Amino acid sequence: MVDMAHVIEAFHLVFAFETMAWILLGVVVGVGVGAMPGLSPAPAIALLLPLTFTLSLPAALGLLIGVYKGGVYGGAISAISFATPGTADAATTVFDGHKLMQRGQGKKALHISLYSSVTADVTSDIITIILAPTLALIALSFGPSERLWLIVLAVTLLGALSGDHFAKGMLAAAIGLFLATIGSDPVTMVPRNTFGQWWLMDGIHLVPLIIGLFAVATMLEKLVELIRDRAARSGAPQIVPPAFGKSGEPLTFREYLSCWKEMLIGTGIGSFVGILPGLGATVGAFLSYGVAKQMSPEKNIGSGRLEGVAASEAGNNATCGPTLIPLLAFGIPGSTIAALLGGALAIQGVQAGPRMFELYPVAIYALFIILLVSNVFNLFIGRFFAGIYARLAVVPPPLLVPVVLIMALFGAYAYQNNHYDVYLVLGFGLLGYFMKVFNLPVAPLIITFILAPLAEESLRRALMINRGDWMAALFTSNLAIALAVFCVVVTIVLARLQVNQRVKTLASVRSDDGEGGERPGPGH
Amino acid sequence: MFKTLKMATVSVVVATGMTLGGGAAFAADDYPSQAIQFIVPYSAGGGQDRWARVIASGGSEHLGQSINVEVRPGAGSTVGWAHLLSQPADGYTMMIGSLSPQLSVLSEELPVTHDDIAIVNIVSDFNVILMSLPGSDWADWDSMVAYAEANPGALTIGGTVAQALAVAAVFDQAGLEGNVITYPGTAAAVTDMLGGHIDMAVVTPASAIGLGDQAVSVANLGARPNSDEMNAQLGGDVPWVGDMGYDGLPQPRWIGVHPDTPVEIIDKLDEGIRAILEAPSTQSLIRALGEEVIYQDRASAQAAYDRAGDTIRTYLPLLQ
C-alpha cells in the first residue's frame, strides 16, 4: 500500500524551489505556445525534452507537464479573443467565447474558460490518481469493434451541432467526410483522392483545417466588412478606438457555479476520452460541447453562453491527466504527450509501467503531485494572461485583420515547417468564408473530419481481424452489442425529443395564428 | 579549327574539374565550419526525433559544431527528404531515417527515389520482438508454429508496417500463414493485444521492455541475436529466428546526406557522429531510452541500406 515516507519525500522534491521554478516556466511557455495558432504543446515538449537531460526528475516532469497543461488551456485565449483557436482542441471554445467577447464580456469568457479548465483538470487528475489501474482495464476492453460503436455513439450525440438547417448540416458533414478521405488508405497505404499531389499523401491535418476555417475565414469576413464600410462612408472621419480599452466585467462566483452541469459533462467525457488511445483533447472538447448543447436546449448554447465555453474547455483539459493512464498502467503511451513524458521518465532512469509503483514510488508520487500543483500555476498565470487579452477586445479591425492573418499563416508554416500547409490554410480560409456566407455550420465538417477516419480504421481493422466476416466484426463482444443497442436507443430518444419540440413550436405558432382569426380555407 | 576548339573545351572542362575537385578537397579540409541541420522527417516526439536530439546534444563537443534538429514531417517522410535534396550537397544538411522512409519511397511514385541519398552511417539496428499474452497457446515459438500450422491464417498479429514486414518475411520463409494487421503505431497494436482483440503484437525492444511481465517475448525477428543485456531486460533468452535458419529483418536507423556530397565530407561526418555515439553520456542516454548503439560505418551502412530496400521490394506485396 501507499508508504507515507515515499509520499513525504515526493512532497519535499516537488515543493523545492528548483521544481517550482521549472513548473512556473513550463506553464508560462505552455500558455504562450497554446495561444499561438499552429503551435501546440506536443512539439514544444519535444523541443524541450533535451533540456531535461540535465535536470532532476521532478524538475523535468514539472517543466513538461507545465507546458502541457498551460498549452491545452492557452488555446482558449486566442479562441475567445480573435475567434482563432490557438490549438485544435479550443475550436469549440470559439462558438460561444468569441460572441461573448464581441458583446464586451471577454473577461467573463476568459475567466470561465480558465476556471472550467482548471476545475475539470483537477478533478480528472484526482480520478487518474485514484482509479488509474481500474480505468486502464476498462480502456483495454475497447478493441476495434467497440471503438467503432463508440464513434457511432459520438456521432449520434453530436447531432445537435448540425445547426438549425438539417440539409446544410449534412452538406457540411459531407465536405468534412471528403476532406478526411484525402491521403493514404489506412490499411494498404495506397493514396486516394490526392489528385496526384504527392504532398497530400499523409492527408490533411487538423491544424491547418482549423486555422483556415476559423482564423482566416473570420478575418476574410471582417476584411469584406471593412471594405464595405469604407465604400459606404468614404471621406467620413473615422474614429479609431484605443487598442487597450475597458476590459469588461469579471466573472462572478454565481456565474461560475451556474456552469456546474457543463463542467461535470466535460470532466466525465474528457476523462473517458483521455483514457482511450488515439482520440485526444479535440474529440473531448467536441463531444463535451455537443452533449452539453443537447442536454440543455433551453440554454441555447452556441449563441454566446458561458456554459458553452465551460463545456468545451472542461472537455479538453479533462483529457490531460487520464491520457497518462495507459502509460502508467501498461507502459504504453496512448498519445504523443504520454510518449514524450514516458521518454522523459526513461531518460531519468524510470521505466513507466505497472511496476512503477513498486520500483519508483517516489517518482510516481512526484508525478501525481506535479499534475495537481501545475493546475494552481495554470490558474494564476492564466488569470494574468486573461487580464491582458481581455483588454485586446477593442483592437480596431484595420489592425486586427492583418495581425491575425499573419499569425495564422506563420502558425500554418510553423506547424510542420511545410509551405504546403500554408496553401491549405488559405484554401480552407476561402472555404470557411463561403460557408459563413451561405450559413453552413462548421462543426459538422470538423466532427466528421476527425471521427470518420477513426471509424474507418476501426471498421477495417475489425474486418481484417475477423477475416471479412461482418457480423463477427460488428458484434464481436457483449460490449460491442451493448454499445450498438445504446446507439439505437439514443437515436430514438433524441428523435422523439426533437419531434416533440417541433410539435410544441408548431402548436405555439398555430395558437398565435388562431388569435388572428381563421385561416382562409382552400375553397376561398 | 574544330580540333583546337575541342582541345580548348577539354582543357576548360579539365581545369574546371580540377578547380571543383580542389574546392571540394578544400571544403573537406575545414569541414565542418558551420552548424549542421539535422532533418527529422517524422513528427516531433517519435523514435527518430529522440535519436536525433540525443545525437545533436553531443554535436558541439564531439563534432566541433552544433547540430540543429529540424522536424519536417509529411507525406510519409518525403517532405523532409525532398528538403534534404533541395539543400546544397555540402554535408551541412543530414537526415535521420529508418525502414519507414524507405517503405514510403518504394511503395509510391514520388519525387524522391530510393537512391536519392548517400548513407553516412547506421547508428542503431534494433530487433523487433514478437510478443504474446502469457499463457496463450502460442506463447513460445514451437507452440506458435504448431498452432499456426494447425490453424492456417488464424493467428492475428499486429504492428506498424515496418515491423509487420518482419512478421511477413519470417512467416513466409517458415511456410506459416498468419493474419498480419498493420497499425499506425506500436502502442495501438500492443493495446489491442493486451485487450485480447488480437493474438500477438510485433514491437520495438523499448516497448517490449516496458510491457514487463504483462506479455512474453516469443521470438526476435531481427537480423542479429539480442545482446545479453537486452535478453536480461526482457526476462530471459529470446529465441532468434536467425538460429532457426531464417533471415530476420534488420531495422536500421541510418543517417543520410545529399547523394552528390563528396565522399571526404561524408567520411568526416561519419567520424564525428561516431565520436558522439562512443561518448559515455550518449550511450547512457540511448540505453535509458531502451535502445542501443549499433554502429556501422559508411561502406557497410550503404550496403545494409540497399539490402533493406531489396527486402522491402520482396515482402511488401505480402502486406498489401
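How many residue pairs are in polar contact across the interface of domain 1 of chain B and domain 2 of chain B?

Author: The model is predicted, so local features need pLDDT of at least 70 and side-chain atom pairs count only at pLDDT 80 or more, while totals for chains, interfaces and linings use all residues. Residues are numbered from 1 along each chain as its sequence is written, chains are lettered from A and ligands numbered from 1 in the order in which they are written, and side-chain values use heavy atoms, leaving out hydrogens and water.

Across the interface of domain 1 of chain B and domain 2 of chain B, the rule finds three residue pairs in polar contact, both residues being at pLDDT 80 or more. A polar contact is a pair of N or O atoms within 3.5 Å; within protein, one must be able to donate a hydrogen and the other to accept it, and residues adjacent in sequence count only if both atoms are side-chain atoms. On the side of domain 1 of chain B that touches domain 2 of chain B, helix 5 (99–107) and helix 13 (298–319) of chain B are the elements that give two or more residues. Helices here are DSSP runs (H or I, at least four residues), numbered from the N terminus. Helix 13 of chain B supplies the largest share of that side, five residues.

The rule also finds one salt bridge across this interface, a salt bridge being a side-chain nitrogen of Lys or Arg within 4 Å of a carboxyl oxygen of Asp or Glu. Arg224(B) forms a salt bridge with Asp125(B), with the closest N and O atoms 4.0 Å apart.

The domain bounds, from an automatic or database domain assignment, are 31–125 + 251–319 for domain 1 and 129–244 for domain 2 of chain B.
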